[in-house]
Structures are given as structure tokens and as C-alpha cells.
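Me: I have a structure open and would like to talk it through with you. Could we take it one question at a time?
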Amino acid sequence: MKCTVCRGPAVMDVRRHNANFCAEHFLKLCRDQVAKAIKEHRMLEPTDRALVAVSGGKDSLAVWDILVGLGYDADGLYLGLGIGDYSDASGEMARRFAADQGLKLLEVDLPADHGFDIPTGAKAAKRVPCSACGLSKRHLFDEAARTHGYDVVVTGHNLDDEAAVLFGNVLHWQTEYLGRQLPVLPERHGFPRKVKPLVRLGEREMAAYCVLRGIDYIVEECPMAAGNKHLGYKEALNLIEAASPGTKHDFYFGFLARASDRFTPEAEAEQDLLLRCARCGAPTTTELCAFCRLAERASGGRA
Ligand code: Q46
Ligand code: ZN
Ligand code: ZN
């Protein structure tokens, strides 16, 4: 296997590009794909202060590493979710990466700062863990960006993630979610801008990026992910992709180019109804935002 660029020995094949790469040219491909996504979707300005949502996994550490390499001003935020050993180990990875690279990592700890963890919060609110977790993460990232004056929140969602979410939203015709499934959500109604610079790169590529860059990341899956529908959607898409490389890319980017704006009115209708949470001031459609309701249930009404 030879590198398509320099003909040297290749270490990685990317079937959807029908190409192989040596380490140097594979790392360049990753940086170029991120730069292209940022430019095409106008994700970041050179003067932006970016806050990267860092989980300790391959995607978030890779996107942070690439953004800093491209010259962006990017700090990290790690959220301690209180998911037992998994949270301890993932926090350790995030801290170690930040220390090794001399980067600034902010931390919020759900149990210490808000009095509940994801497993007990989800149970008390009768939500599946990933739903309680997802809403907590969105809320705490928005809040940290507002409090510390960041222009934009960066997440490590990659092409596999976005294609799987899109697949799920299409299977159930969740049209209001389809209207919001964009690589950039502009700043509005008190929410900071949100961007996904890894949308042109897949999961396998991000793992290879970390290995080639010597970045240690948490390999174990979150123990609460079992039974998560997205894993099933990912597996189904992986089967299709194996038979027909490039399908995930066409599915997701075809949606952005030809279909996503048809769903914008449904997403905007909801945005027009936004109020301020009576407790924390976050934008919400109800008196208390979903996070404050979750915190209240998790504390048995003491919050
Ligand atoms: S951390 Fe949270 Fe994920 Fe664990 S509980 Fe689910 S959403 S699986 S990315
Ligand atoms: Zn090469
Ligand atoms: Zn609130």
C-alpha cells in the first residue's frame, strides 16, 4: 500500500476518498478537511475565542489539537458527569492532554457543582441516561461560554455521528430536529454559536489521527451507552458504507445541500417561543429550563 500523495509506505486507507496515506499526509488530510469544513460553513473567524467541549475521547481531543495547530484560540471545557470510573478516567485523559500541550482546560463537575450525577439524575427524572446527559451537556457548555465570554462552542461530532443522527431523525421524521441538524448553529436568543469542524472526517480517521499524533484518549465506551439507539444506527450505516464507500458522506452532505433548509421553518417556530428560565436565566420554552427541572427532580425538590 503506497501513499497516494508521495508514493511512500502508507499507514492508512480512506476508502471513501479511494486513497491511501503515509503518516505525514494523513495528518495533513485531517487538518485540510477541518480547514475546509470551517471555511465552507463559515464556522470560525480568526479572532474568535473558541471553547472546545472535551470528553477525553478521540474526537474532542483531535478537534482541539487540530484547531490549535491551525492557529485558533481554543480552550477546553471538561464536564465531570459522575459516571463512576468512566468519568474519572476520561477526566484524567483530558487533563493530561491539556497539561502536555500547555492548553487551558476549564472544568465543571456536575455532582460537586450541581448536586447530582447522570445515573441518579436520569433515574429521578425518569429519562434515559443519554437524554439527561445530553441536555445537561448542552446547558453547561452554553452557560460556560456565556460566563467566560467565548464566541463559539466547538464539539467533536464527526461524520459517523452526524450521519447516524440524521438517519435516526429521518427514520422517525423528527422534522424540528432536521431543521437544526447543521454543522453551524448561529448565535441567537442567548445561545452561543455551535460548530462541528469534524463533519468531513470519520470515526476511524479520528482514532488514527490520535494514534499518529501520540494523543492518549479514553477508548472505553461510556457504560451508559448500552441500548442507545444511535449505536444501532451507526452499525446499520457501517454495513451500507462497507458495501458502498462514500454513502455516509453523500447522505449527510446531500441533506445539507438539498434538503435541510426545507425544515428550517419548523426549527424556527420553536425558537420564537423562547423565554428566560426563572431560575438560571437560560433560554427555554417553559418556566424552568430542562436542566433546572432535571436538577430539581434529582434533588427531590430541594434544588
Ligand atoms: S456520555 Fe452521556 Fe454519552 Fe454516556 S450518558 Fe450517553 S450521552 S453515552 S456521548
Ligand atoms: Zn505521503
Ligand atoms: Zn434553568
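Me: Happy to start with the strands: how many bridges join β4 to β5, and which way do the two run?
Reply: Keep in mind that this is a predicted model. Strand β4 covers residues 73-80 and strand β5 covers residues 105-109. The two run parallel, and the number of bridges that join them is five.

Me: Which residue of β5 does Gly-80 stand opposite?
Reply: Gly-80 belongs to β4, whose residues are 73-80. Its opposite number lies in β5, and that residue is Asp-109.

Me: What is the handedness of the β-α-β unit made by β4, helix α3 and β5?
Reply: The helix in this unit is α3, residues 84-101. The β-α-β unit they make with α3 is right-handed.

Me: Where is Tyr-72 found, and which residues is it in contact with beyond its neighbours within four places in sequence?
Reply: Tyr-72 sits in the loop between α2 (58-69) and β4. Asp-48 is 24 residues away from Tyr-72 in sequence, with 7.6 Å from C-alpha to C-alpha. Leaving aside neighbours within four places in sequence, the contacts of Tyr-72 are Ile-38, Leu-44, Glu-45, Pro-46 and Leu-67.

Me: On to the metals: what is the arrangement around the zinc ion (ligand 2)?
Reply: The ion is coordinated by Cys-3 (SG), Cys-6 (SG), Cys-22 (SG) and His-25 (ND1), at 2.0 to 2.3 Å. In sequence, these donor residues follow the spacing C-x2-C-x15-C-x2-H. Because the four donor atoms subtend angles of 94 to 115°, the arrangement is tetrahedral.

Me: Are Cys-22 and His-25 buried or exposed?
Reply: Buried means a relative accessible area under 20%. Cys-22 has 11% relative accessibility, so it counts as buried. With 15%, His-25 also counts as buried.

Me: What spacing do the donor residues of the zinc ion (ligand 3) show in sequence?
Reply: Here the donors are Cys-277 (SG), Cys-280 (SG), Cys-289 (SG) and Cys-292 (SG), at 2.3 to 2.4 Å. Their angles of 106 to 114° make the arrangement tetrahedral. The spacing is C-x2-C-x8-C-x2-C.

Me: How far apart in sequence are the parts that Cys-280 and Cys-292 tie together?
Reply: Cys-280 is partly exposed, with a relative accessible area of 27%, while Cys-292 is buried at 7%. Both residues coordinate the zinc ion (ligand 3). Cys-280 lies in the loop between β9 (275-276) and β10 (283-284) and Cys-292 in helix α13 (residues 290-298), so the parts tied together are apart in sequence by twelve residues.

Key: Residues are numbered from 1 along each chain as its sequence is written. Chains are lettered from A and ligands numbered from 1 in the order in which they are written. This is a predicted model: local features need pLDDT of at least 70, side-chain atom pairs count only at pLDDT 80 or more; totals for chains, interfaces and linings use all residues. Side-chain values use heavy atoms; hydrogens and water are left out. Donors are N, O and S atoms within 2.8 Å of the metal (3.2 Å for Na, K and Ca); water is not among the atoms, so sites may look incomplete. Four donors count as tetrahedral if all angles lie between 85 and 135 degrees; four count as square planar and six as octahedral if opposite donors are over 155 degrees apart and all others between 65 and 115; anything else is irregular. Buried means under 20% relative accessible area, exposed over 50%, partly exposed in between (1.4 Å probe, protein chains only). Two strands pair if DSSP finds at least two bridges between them. A crossover is right-handed if, with the strands pointing away from the viewer, the path from the first strand over the helix to the second runs clockwise. Contact means heavy atoms within 4.5 Å.
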